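User: I would like to learn how to read secondary structure packing in a model. Please take one feature at a time.

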Amino acid sequence: MSRRICCLALLGVFLSPICLAEVDFARDIRPILSDRCFKCHGIDEDSRKGDLALHTFEDATEWDGIVPGDADASLIIERMISDDPDEVMPPPSTNKPKLSEAELAKFREWIDSGAKYERHWAFVSPRETDTSVPKAFPADNPIDSFVAQRHQQQGMDFSPPADALTLVRRLHLDLIGLPPTPAEAATFVQTYASDPQLAVEKTADGLLSRPEYGERWARLWLDLARYADTNGYEKDKPRSIWPYRDWVIRALNADMPYNQFTIEQLAGDMLRDATLDQQIATGFHRNTMLNEEGGIDPLEYRYHAMVDRVATTGTVWMGLTTGCAQCHTHKFDPITHTDYFALFALLNNADEPRLDVPTPAIEQRRAEVEKKIAAKETELIAQIDPTKYREWKAQQLGTVAAWHTIEPVEMHSTKPNLELMPDGSVFASGDFQKRDAYDLRYDVSGLEQPIAAIRIEALPDERLPAHGPGAAYYEGRSGDFFLSEVTAMADGEKVEFRSASVDYGKIYIGKGESNGATVFDGNTSSGWSTARGEGQRHELVIRLQEPISPDRLDINLLFERHFVAALGRFRLSVTHEDKEITARGGDISDLTTASDADWQRLYVAGDKDLQKLRQSIPAYTTTLVMREWQGQTRPTYRHHRGEYLQPKEEVAPAVLSIFEPLPADAPADRLALAKWLVSEANPLSARVAVNRAWRAFFGRGIVHTAGDFGYQSELPSHPLLLDYMANRFVDSGWSLKQLHKLIVTSRTYQQESRYSAADPKNVYLARGPRFRMEGEVLRDSVLSSSGLLTQRVGGPSVYPPQPGSVVAAAYGNNKWNTSKGADRYRRSLYTFSKRTAPFAAYLSFDGPTGESCLARRERSNTPLQALTRMNDEMFTEASIAIAKTVGKGEPRQVAGDLFYRILTRRPDAGELDRLVAFYEAQKARLDTGELEVAALLGKDQTDTQLAAWAMVARAIYNLDEAVTKG
């Protein structure tokens, strides 16, 4: 049988990035073979050709694919040099280039020298690397020693230091995402003149302690967390998850250790006595999208959310493309199909509730309203007419009954977990479907009197959406339910119902009555629902055709709708009283035992003023969180080809098999995974975090493929530096602030950023960082320099001005209600993020959509970006605002001040001449009416000088220097 060799993935260690004479496996061999050949002869047995695998030494040598010490006898070389299109590897059909003579020579040398296989560099713990600071290159900052060593190997040197104004602007933009004020710049320049390093350290310390630091770095983290303020998919309805965003800001400002930062986001709810903040932190994995279309299978889309979580976890904490193993064993990295679902299983055992977040402001408002309600009740009770009250109470007593709570002895359901609560109620959780049924068995043999009626109480619970009583969480109203049919069997015989009543019934979607009789009419399209009555107790009372005295009572509750609509908490009671009983809601379960004070409150409850007060109680802010199942485990299966509808064998929870396993003495769950990710057992977490930070400062990571440290990744440009910083990061207590300070206080960071022909992409750090900033930083810089920026940390998302057409095409023809006042000028971090219609300006500057984890933003330079900065309303407003602040006085002074406030440097003589000339030309056009002042400044505005300076400011804001960190 012909063996077709398509590619080769070899587990090799990266010994040294510079081995000019010797062939290095990691640098010279594996990248080429992984790219061109591994797909057909790698780890995936299902796609392997010719029964030949080359990912281990044993497999590669079994069929003479590689003959160690003899390249000419190796089949791989024979196929690489073949001219036969049916034999040559890689085959023409792959569209991969044939190996060059130089590449073939490297392969021959590698095989002739023994074809040694070693581990991939990223899978070796950084603790195993000798990261001693190079003594031959002494420096105050260890980063510079490693970089200097690399410079020598490349035949280059450091660039001169950046000037003080460039450096202070760079520091501010990097650490807090805002430019320095003129006063801050002046202070830095003064200190820098006498002691440059002191100036940098002092400024860095100050910026690291400012609240804006957390806002700046939170934006970068939210790219990874795929944060957005809407659910995504077709309807893309708003969601409340901004408390998670605010938690990230607080955690970063507090310099929460990165290992704790990790654990709380992945499993904060599982920590002992978890705090509110730790529960909020689990919103990280609730940022997944939620489909609210009526025809969906909710469990299928939960599966898709889990797929996203596995991929995101792999990207953020392992730098691996784990998502590639969803459908089959990874084609390049040693991640099997089963490995993928074992990791899936670790994340797969949680409910996904909404959590109340009682902010101090809302708590105060609620207390004030409750106080008014109590006062109004007292007033109304004092005014009760005793005679009318006695008559009313007697009438009501005729329609109530004494109820006896019955507790199920057996409970079964289609999917949800049913849990018996101490008060005899049943709480449902877990996986709900569009058709759920609860089968409940009761032992009623001990009842002394016959059963004449059954009562079903729909009970609120803070764990349910909108506090229940229903489990609906999409399409319908949160917390709603739809009880389609109720059937009962007494000792195996069907129980006939006579009549029924409800205290309240309303259907939210569709037509029809929501009354008691609809639950036993044989029509599953009709039923009982309490839409708009969420968070309250409701009752359904069903009278039996004839009283019964069975030993066993079986009740079936059917919930069927085009969305999840099961009851989340409920309780059954029976009564022997065979009379016209009226269902009642409210807080009192049994009025026959209620006190007179309770009856009086019930008597005045219908007062309109009192009802208005109750309706004015402000709702708590909510956020999306994870909550681990207790006492039960959701099974995980390997899904053939990654398809939801093709589950195969069950898979036990575990981490990727290429790494050390979870501790044997710990449960294999989400908390164990979180702790493992930031343990010594995972060689990647610290490296990935350090590399991510490095990329934020320099525009390029030490590993350029920021989301991929696997076999297809680029090799690190400074491997020893990466491992040194990873180890130091851990030893510092996982302090991000210390890591950031180490970077900005280095000579490497402080270099001028002029182009270096010897290092055009700045891979080897021959110069300082220079690259186009993110759209959010650009807008914040404009707002800050213009004086418009509102510096308030946290709170709900806001709506800065943007063209209304941006959201008009999205589902539902939504409107963008532009924020007023200070909210209009909040930092870009707080801009409402709609997945199907992202904020236009940020998207123009390559901003994220929030649909998936983004490890690295692309950077582009397009005409649309210039058009946005020249014409967008928010940039025009800023230009006018800064012109009002600066635009009075002698033109050269005004032009210089505008330039300085925006770019943090004074213009040279030629630049100043051009600015003044531009101002005079535009003012002349405005004075003659060629340009309309009102078109720029607004209706009824006539100040041509202000308009001209605003045009100058707008031009400066659009300079390359204004959009670039240099």
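**Reading helices and strands**

Analyst: The model is predicted. Start with helix 20 (residues 670-677), which is mostly covered, with seven of its eight residues buried.

User: Which residues of helix 20 are buried?

Analyst: Buried here means under 20% relative accessible area. In helix 20 that applies to Arg670, Leu671, Ala672, Leu673, Ala674, Trp676 and Leu677.

User: How do the axes of helix 29 and helix 30 cross?

Analyst: The axes of helix 29 (residues 873-886) and helix 30 (residues 891-903) come within 10 Å and cross at roughly 130°. An angle over 145 degrees would count as roughly antiparallel, and 65 to 115 as roughly perpendicular. The two helices are therefore oblique to each other. Their crossing is right-handed. Helix 29 contributes Ile882, Thr885 and Val886 to the contact, and helix 30 contributes Val894, Asp897, Leu898, Arg901 and Ile902. By class, the residues of this contact are five nonpolar, one polar and two charged.

User: Now the strands. In what order do the five strands of the open sheet stand?

Analyst: As a general idea, strands of a sheet pair through backbone hydrogen bonds, either parallel or antiparallel. In this case the order is 4-7-13-9-10, and the pairing is antiparallel. Strand 4 (408-413) and strand 10 (493-494) are the edges; each has a single partner strand, so one side of each lacks a neighbour in the sheet. Within the sheet, strand 7 (residues 435-443) and strand 13 (residues 552-560) pair over nine bridges.

User: Which strands does strand 6 pair with?

Analyst: Strand 5 (residues 417-420) pairs with strand 6 in the antiparallel sense over four bridges. Strand 6 also pairs with strand 14 (residues 569-575), again in the antiparallel sense, over two bridges. Leu418 has Ala428 as its bridge partner in strand 6, while Val426 has Phe570 in strand 14.

User: How many residues lie between strand 5 and strand 6 in their hairpin?

Analyst: Five residues, and Gly424 in the turn has a positive phi of about 90°.

User: Which way do the side chains of strand 6 point, and are they buried or exposed?

Analyst: In strand 6 (residues 426-429), Val426 and Ala428 point one way, Phe427 and Ser429 the other way, and all are buried.

Terms used: Residues are numbered from 1 along each chain as its sequence is written. This is a predicted model: local features need pLDDT of at least 70, side-chain atom pairs count only at pLDDT 80 or more; totals for chains, interfaces and linings use all residues. Side-chain values use heavy atoms; hydrogens and water are left out. Buried means under 20% relative accessible area, exposed over 50%, partly exposed in between (1.4 Å probe, protein chains only). Two strands pair if DSSP finds at least two bridges between them. Axes are lines fitted to C-alpha atoms, for helices over the stretch in contact, and angles run from 0 to 180 degrees between N-to-C directions. Angles under 35 degrees count as roughly parallel, over 145 as roughly antiparallel, 65 to 115 as roughly perpendicular and the rest as oblique. A crossing is left-handed if the near helix is turned anticlockwise from the far one by less than a right angle, and right-handed if clockwise. Contact means heavy atoms within 4.5 Å. Ala, Val, Leu, Ile, Met, Phe, Trp, Tyr, Cys and Pro count as nonpolar, Asp, Glu, Lys and Arg as charged, and the others, Gly among them, as polar.
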